[in-house]
Amino acid sequence: MPDQSVQPAPDPYDALLLLSFGGPEGPDDVVPFLENVTRGRGIPRERLKEVGRHYFLFGGVSPINAQNRELLHALRKDFTEHGLDLPVYWGNRNWAPYLTDTLREMAADGHRRILVLATSAYASYSGCRQYRENLADALAVLEGEGLPLPRVDKLRHYFNHPGFVRPMVDTTLAALAELPEDRRAGAHLAFTTHSIPTAAADTSGPVEAHTEDGEGGAYVAQHLDVARLIADAVRAETGVERPWRLVYQSRSGAPHIPWLEPDICDHLEELHGQGAPAVVMVPIGFVSDHMEVKYDLDTEATAKAAELGLPVSRASTVGADPRFAACVRELVLERAATERFAEGRAAAAPERCALGALGPSHDVCPAGCCPARSPRPAAAGTD
Ligand SMILES: CC1=C(CCC(=O)O)c2cc3nc(cc4[nH]c(cc5[nH]c(cc1n2)c(C)c5CCC(=O)O)c(CCC(=O)O)c4C)C(CCC(=O)O)=C3C
Ligand SMILES: [Fe+2]
């Protein structure tokens, strides 16, 4: 019997949905976009004005939509070249094309079994369950309109897939090469991700991964695994052992609520104080070079480093790297094969590829995974 896992068969799935954050595409979009993002989330007004200013510095245009269009193109190209017959759609949480409109279009096009790729590689409420809540909300709208409801599944977390990690090893090496030659050998690596409240970090991932006292649960453990993988690969490539640390960026929320620390800017200051000759910032927490990268790292943290006289460079995220598109194809085929196996239509479960110490993540979020502060319906998971 042929190995089903290597055949380009998406069966039982009939479409892939790229699900992302969305961003403004012009000055008039900025305020309505921020209203969408923060609806009922208690972000201080001062912070919103500040974030709006970041967008206006870039003409009111977030880079994220163009980057998702590129990823869409890369996915379609990869699928076509590999004989994978699976249409790819795109919908966002906070801006057009809105998820609800895309899902309605998918239902109208006759799709009944949809796989979802979220542009967030790690476990957290914001990066996982919130997208599942968005899916449940969109399905409820379709149901209210009397449309046939597709079944929706979400691809597993891909933070430790080689197609996500290896491109970042290359971009880290490229960022090292941008530093002045005499500073390169001693350069530190600062891996960055989005700060989240420590309470959200501690309850990230499945219940058995939850921690107490701000240790950070699955969210921090997964980022540390990726940081270590990249640091090890960079050492193997350059023959230089470099100090590295996982640090955070883009904090929001009220100051009295604890969020993951240290912030990248404080970290740069500390490294400078210790006499570090240079720093490479590696935004492992993000899938593309969107506003959190362009503003918080390339603008704010880079200005901080210049003020300190500390040379810095910044590694690119995976974006539309063909290896990432191939990773998505592999994950689609893997999940499809898993579903066929579960339905008794395949002789064996597929291989599940993962680097690092944590192993491949779950396919279906178990009950209690990345809980919301106030429970809401969520699709594509156990609860
Ligand atoms: C974990 C995480 C990711 C990574 C995973 C993922 O990608 O999902 C992420 C991505 C992003 N966050 C983004 C933008 C914003 N995030 C905000 C607010 C928040 N993010 C949070 C977490 C995350 N955020 C949290 C805990 C908040 C606080 C309140 C809340 O829970 O909502 C706010 C409100 C103002 C502010 O406080 O900054 C904005 C404008 C953009 C778009 C960038 C662009 O336009 O190019 C992207 C990709
Ligand atoms: Fe965010």
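**Terms and the values behind them**

Modeller: Proline 262 lies in the loop between strand S6 (244–249) and helix H10 (264–273), where helices (H or I, at least four residues) and strands (E, at least two) are DSSP runs, numbered from the N terminus. This is a predicted model, in which local features need pLDDT of at least 70 and side-chain atom pairs count only at pLDDT 80 or more, while totals for chains, interfaces and linings use all residues. Residues are numbered from 1 along each chain as its sequence is written, chains are lettered from A and ligands numbered from 1 in the order in which they are written, and side-chain values use heavy atoms, with hydrogens and water left out.

Biologist: What is the peptide bond that joins glutamate 261 and proline 262?

Modeller: The bond between glutamate 261 and proline 262 is cis, with omega about 5°. Another cis bond runs from alanine 96 to proline 97, with omega near -5°, and proline 97 sits in the loop between strand S2 (88–92) and helix H4 (99–108).

Biologist: Why is H6 called oblique to H9?

Modeller: The axes of helix H6 (residues 162–178) and helix H9 (residues 217–238) come within 9 Å and cross at roughly 55°. Angles under 35 degrees count as roughly parallel, over 145 as roughly antiparallel, 65 to 115 as roughly perpendicular and the rest as oblique, and therefore H6 is oblique to H9.

Biologist: Which residues of H6 and H9 meet?

Modeller: By contact, meaning heavy atoms within 4.5 Å, residues of H6 including Val165, Met168 and Leu176 meet residues of H9, among them Val226, Ile230 and Glu237.

Biologist: What makes aspartate 213 count as exposed?

Modeller: Buried means under 20% relative accessible area, exposed over 50%, and partly exposed in between (1.4 Å probe, protein chains only). Aspartate 213 has 74% relative accessibility, and so counts as exposed. Aspartate 213 belongs to the loop between helix H8 (198–202) and H9, and its phi is near 60°, a positive value in a residue other than glycine.

Biologist: Is alanine 380 buried or exposed?

Modeller: With a relative accessible area of 16%, alanine 380 is buried. Alanine 380 is found in the segment after H12, and its phi is near 55°, again a positive value in a residue other than glycine.

Terms used. Axes are lines fitted to C-alpha atoms, for helices over the stretch in contact, and angles run from 0 to 180 degrees between N-to-C directions.
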